[in-house]
Amino acid sequence: MASGRDSDPTLGYLTRKETEVKLPRPTRVKNKTPAQIQITAEQILREARERQEAEIRPPKQKITDSTELGDYRLRKRKEFEDLIRRVRWNKSVWVKYAKWEESQKDFTRARSVWERALEVDYRDHTMWLKYADFEMKNKFVNHARNVWDRAVMLLPRVDQLWYKYIHMEEMLGNVAGARQIFERWMSWQPDQQGWLSYIKYELRYNEIERAREIFERFVDRHPKVGAWIRYAKFEMKNGEIARARNCYERAVEKLGDDEEAEELFVAFAEFEEKCKETERARCIYKYALDHIPKGRAEELYKKFVAFEKQYGDREGIEDAIVGKRRFQYEDEVRKNPLNYDAWFDYIRLEETAGNKERIEDVYERAIANIPPAQEKRYWQRYIYLWINYVLYEELDAQDIDRTRNIYNLCLKIIPHDKFSFAKIWLMAAQFEIRQLDLDRARRILGSAIGKAPKDKIFKKYIEIELQLGNIDRCRKLYQKYLEWSPEHCYAWSKFAELERSLAETERARSIFELAIDQPALDMPELLWKAYIDFEISEGEYERTRALYERLLNRTKHLKVWISYAKFEASAMEQGFQDSDVQESDYEQKRKCLQRARGVFERALSYFRTSAPELKEERAMLLEEWLNIENSFGELGDVDLVRVKLPKKLKKRRHIETEDGPAGYEEYIDYLFPEETQTTNLKILEAAYKWKKQKIVSDED
């Protein structure tokens with residue numbers, strides 16, 4: 001931690017000395033005359049190219065007899081086994097091992113590898129899928145059944161396992177077996193998709209009665225509006241109108257007060273409308289409008305108006321409903337054209353009416369009312385008029401050219417030099433992606449980064465390029481991102497994470513090094529933690545220790561000490577071993593405990609000498625030390641820490657306010673063992689001094 005004279009709150013964890021810019025000394029050129037032979041940069045590059053050594057490639061091996069084949073297999077198996085011992089948790093190693101054994105046509109060994117892989121983590125359903133795929137691909141049907149049975153027994157909530165199992169049985173023509181598997185699955189009460197798959201399966205074999213029975217169980221397990229509507233449509237499709245009507249009636253009885261009741265009534269009325277029962281449909285609409293709250297009946301009301309337009313007095317409906325409300329909204333927007341809420345309501349009314357020309361006219365009039373002040377808070381409501389406009393043109397009107405023109409006009413109107421809206425930029429780019437025009441999308445996002453760079457724009461652009469697999473573009477974008485905001489720890493971490501996912505360990509490490517060398521960071525603790533976790537995951541324990549030491553040079557925070565000690569205590573659990581000899585578990589634990597103790601001793605010494613006022617932190621450090629000693633069982637020495645634990649004392653102190661003292665408050669103080677000895681010595685010294693004074697006074 002920096003000393004008082006060097007500390008500066010604006011520097012964060014750095015000292016003033018670390019932030020000084022050291023410029024190189026200017027070299028004096030003694031002879032400034034040009035050389036006789038001038039060498040160009042092209043010549044230097046060409047010479048470097050000529051002197052470049054050829055790439056060394058491993059020789060190709062050809063196996064000629066069974067002995068060489070046996071040696072090759074033995075060597076490969078040893079490589080795989082060594083790799084598994086090092087990274088037992090890495091599933092891709094197991095998969096490669098098993099596939100290699102399969103390629104050697106040694107199916108028993110391949111099966112053994114799969115079984116060992118499942119012992120490591122049987123909860124990973126992808127391993128089960130690959131295992132079963134291996135058995136099926138090599139036509140071991142009974143083995144595959146055995147794998148599927150174990151998989152669905154251990155992981156019954158993973159739907160993909162059930163689907164694959166059933167698909168295999170169906171492909172084999174075992175209809176009864178597939179039905180039995182469905183029944184086993186249904187006993188676990190899966191989600192709606194599982195039930196619907198069972199129903200579709202029965203319908204593929206024209207088992208209508210079985211499908212009807214499953215529908216009954218389905219609506220019993222999932223009493224939702226969507227389930228009942230599916231049941232009724234199934235009956236309607238099979239020509240059972242009476243049964244379909246009965247389904248709707250039962251659904252209304254059970255779910256008449258449900259939040260999704262509106263959808264149910266609309267479906268019921270449309271069913272009656274298809275059956276040419278106009279009066280029945282009208283009664284259903286009226287019943288629904290009387291029983292459903294007005295806030296949840298917008299879609300129902302819209303459907304009812306459309307129904308009356310089709311079967312009732314169209315002019316009366318238009319005049320009574322739309323005309324009156326249109327007049328009210330026109331009056332409101334005339335009085336205050338900047339009342340955007342009134343414009344939203346007016347647009348919603350016109351969209352309900354469905355007249356495209358009227359809708360576009362109202363949108364154009366609304367967006368013409370630009371806010372008078374160029375401040376973002378005045379534009380936040382206005383910008384949603386543009387958003388709604390482009391969504392209407394794209395989704396409802398399906399006019400692609402007009403949508404593109406609206407986006408361009410909106411981006412021109414916004415004063416990007418003062419503020420901008422990342423949402424508009426991203427929507428415009430996503431629109432172009434939906435039109436399969438990646439070049440336009442990239443130009444839009446590039447303009448956004450040039451005119452108004454924001455975190456959201458960078459993140460989305462990088463996400464798009466990453467999905468497209470353009471790694472070089474992602475790297476360039478991260479460089480731009482960090483040039484714009486070098487203090488952003490999130491960007492540094494994600495950049496390093498990208499490189500790590502590409503197995504570019506040195507690149508990721510270099511990025512972390514650049515990040516922690518930045519003069520200012522918004523969340524340096526997260527960056528340091530990510531760097532340390534990265535080195536631990538790579539198994540670089542010496543690098544991790546060096547990182548902790550560098551971090552301690554910058555800050556002596558309690559959490560850093562505790563994290564360092566916990567790392568040392570748990571290093572052997574990650575497979576810590578010497579260079580040549582594998583140590584016993586006991587010896588490993590003892591060494592880890594010693595290293596952890598060393599860290600705690602250093603931390604305790606620092607808090608005792610350099611920061612004696614941080615008593616609470618010191619007490620917390622000792623508590624953590626005690627917990628670690630406990631966790632090591634017989635190896636741990638609890639008494640070593642207990643003698644250092646402080647006593648908790650309740651004390652009182654004045655509460656100082658601007659008007660003077662305002663009473664007392666209680667607080668917890670800590671008295672450490674060495675402080676107790678010092679106190680006792682002070683008491684003896686005072687008593688001896690008093691005795692001496694008394695003797696002198698008696699003599700006088």
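Predicted model: local features only at pLDDT ≥ 70, side-chain atom pairs only at ≥ 80, totals over all residues.

Reader: What makes α3 roughly antiparallel to α4?

Author: The angle. Over 145 degrees counts as roughly antiparallel. The crossing is at roughly 165°, so α3 is roughly antiparallel to α4. The crossing is also left-handed.

Reader: Which residues of α3 make the contact, and of which classes?

Author: On α3, W94, V95, Y97, A98, E101 and E102. Among their partners on α4 are F107, R109 and W114. By class, the contact has 10 nonpolar, no polar and four charged residues.

Reader: Why is the pair of E101 and R77 called a salt bridge?

Author: The cut-off is 4 Å between side-chain nitrogen and carboxyl oxygen. E101 and R77 meet at 2.8 Å, N to O. E101 lies in α3 and R77 in α2 (residues 66-86), so the pair ties together parts 24 residues apart in sequence. Both residues are buried. R77 and E101 also belong to a network of salt bridges with D106 and R109.

Reader: K91 and D124 also meet in a salt bridge. Why does D124 count as buried, and what does K91 count as?

Author: Buried means under 20% relative accessible area, exposed over 50%. D124 has 14%, so D124 is buried. K91 has 32%, so K91 is partly exposed. Their N to O distance is 3.9 Å.

Methods
Residues numbered from 1 in each chain as written. Heavy atoms only, no water. Axes fitted to C-alpha atoms, helices over the stretch in contact; angles between N-to-C directions. Helix = DSSP H or I, 4+ residues; strand = E, 2+ residues; numbered from the N terminus. Parallel < 35°, antiparallel > 145°, perpendicular 65-115°, else oblique. Left-handed = near helix turned anticlockwise from the far one by under 90°. Contact = heavy atoms within 4.5 Å. Nonpolar A, V, L, I, M, F, W, Y, C, P; charged D, E, K, R; others polar. Buried < 20%, exposed > 50% of the residue type's maximum accessible area, 1.4 Å probe, protein only.
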